[in-house]
Amino acid sequence: MTLQQWLFSINGRIGRRDFWIWIGIWVLAMVVLFSLAGGGMLSLQTAAFMLVCLLWPTAAVTVKRLHDRGKSGFWALLMIVAWMLLAGNWVMLTGIWEWAVGRFIPTLIMVMMFIDLGAFVGTQGENKFGKATQTVRYR
């Protein structure tokens, strides 16, 4: 698989190694972007725009990893639900419900997705999403 297919196509399957490589690149990019924005060397709007530009490659890598696990790419929508729950203002809920809906449920969704995608081995051989897992050619 080429770098272009890895980052921009939702077709195919990738293994855990290539998934974690992208997560590492993404985390490093976020740290650099928002450190520069926090230090005043980059506007917050520019950092947010760059974050938005990284959403498609993140979705492509996640969908391909889900395909390797034998699951539809629609499972990636759970990450969007978790993100929306984290960003929500849940003060209208009383007591423990504010914490449960605004923090616990999204954290649980994200942790379970990372365990599923990052720790479990994909389907061996061919599945309904394509041939066996392809490694990314970084050169």
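Me: Rings of Phe, Tyr and Trp (its six-membered ring) pair if their centres lie within 6.5 Å, and planes under 30 degrees apart count as stacked, over 60 as edge-to-face and the rest as tilted. With that in mind, which residues form one aromatic cluster?

Reply: Trp6, Trp22 and Tyr138 make up one aromatic cluster. This is a predicted model, in which local features need pLDDT of at least 70 and side-chain atom pairs count only at pLDDT 80 or more, while totals for chains, interfaces and linings use all residues. Residues are numbered from 1 along each chain as its sequence is written, and side-chain values use heavy atoms, with hydrogens and water left out.

Me: How many aromatic pairs does the structure hold, and what kind of pair do Trp6 and Tyr138 make?

Reply: There are six aromatic pairs in the structure. For Trp6 and Tyr138, the ring centres are 5.5 Å apart and the planes stand at 90 degrees, so this pair is edge-to-face. Helices (H or I, at least four residues) are DSSP runs, numbered from the N terminus; Trp6 lies in helix 1 (residues 3–8) and Tyr138 in the segment after helix 6, so the pair ties together parts that are 132 residues apart in sequence.

Me: Are these two residues, Trp6 and Tyr138, buried or partly exposed?

Reply: Buried means under 20% relative accessible area, exposed over 50%, and partly exposed in between (1.4 Å probe, protein chains only). Trp6, at 2% relative accessibility, therefore counts as buried, whereas Tyr138, at 33%, counts as partly exposed.

Me: Which kind of pair do the rings of Trp20 and Phe114 form?

Reply: Their centres are 6.1 Å apart and their planes lie at 20 degrees, so Trp20 and Phe114 are stacked. Since Trp20 belongs to helix 2 and Phe114 to helix 6, the pair ties together parts that are 94 residues apart in sequence. Trp20, with 39% relative accessibility, counts as partly exposed, and Phe114, with 32%, also counts as partly exposed.

Me: At what angle do the axes of helix 2 and helix 6 cross?

Reply: Two packed helices are described by the angle between their axes and the distance between the axes. Axes are lines fitted to C-alpha atoms, for helices over the stretch in contact, with angles running from 0 to 180 degrees between N-to-C directions; those under 35 degrees count as roughly parallel, over 145 as roughly antiparallel, 65 to 115 as roughly perpendicular and the rest as oblique. The axes of helix 2 (residues 16–38) and helix 6 (residues 96–119) come within 8 Å and cross at roughly 130 degrees, and these helices are therefore oblique to each other. Contact means heavy atoms within 4.5 Å, and here Arg16, Phe19, Trp20 and Ile23 of helix 2 make it with Phe114, Leu117, Gly118 and Ala119 of helix 6.

Me: How do the axes of helix 3 and helix 4 compare in distance and angle?

Reply: The axes of helix 3 (residues 44–53) and helix 4 come within 4 Å and cross at roughly 30 degrees, which makes helix 3 roughly parallel to helix 4. Leu51, Val52 and Cys53 in helix 3 meet Leu55, Trp56 and Pro57 in helix 4.

Me: Which residues is Thr62 in contact with, leaving aside its neighbours within four places in sequence?

Reply: Thr62 is found in helix 4 (residues 55–68) and is buried, with a relative accessible area of 11%. Beyond those sequence neighbours, Thr62 is in contact with Phe19, Ala76 and Leu117.

Note on methods
Helix = DSSP H or I, 4+ residues; strand = E, 2+ residues; numbered from the N terminus.
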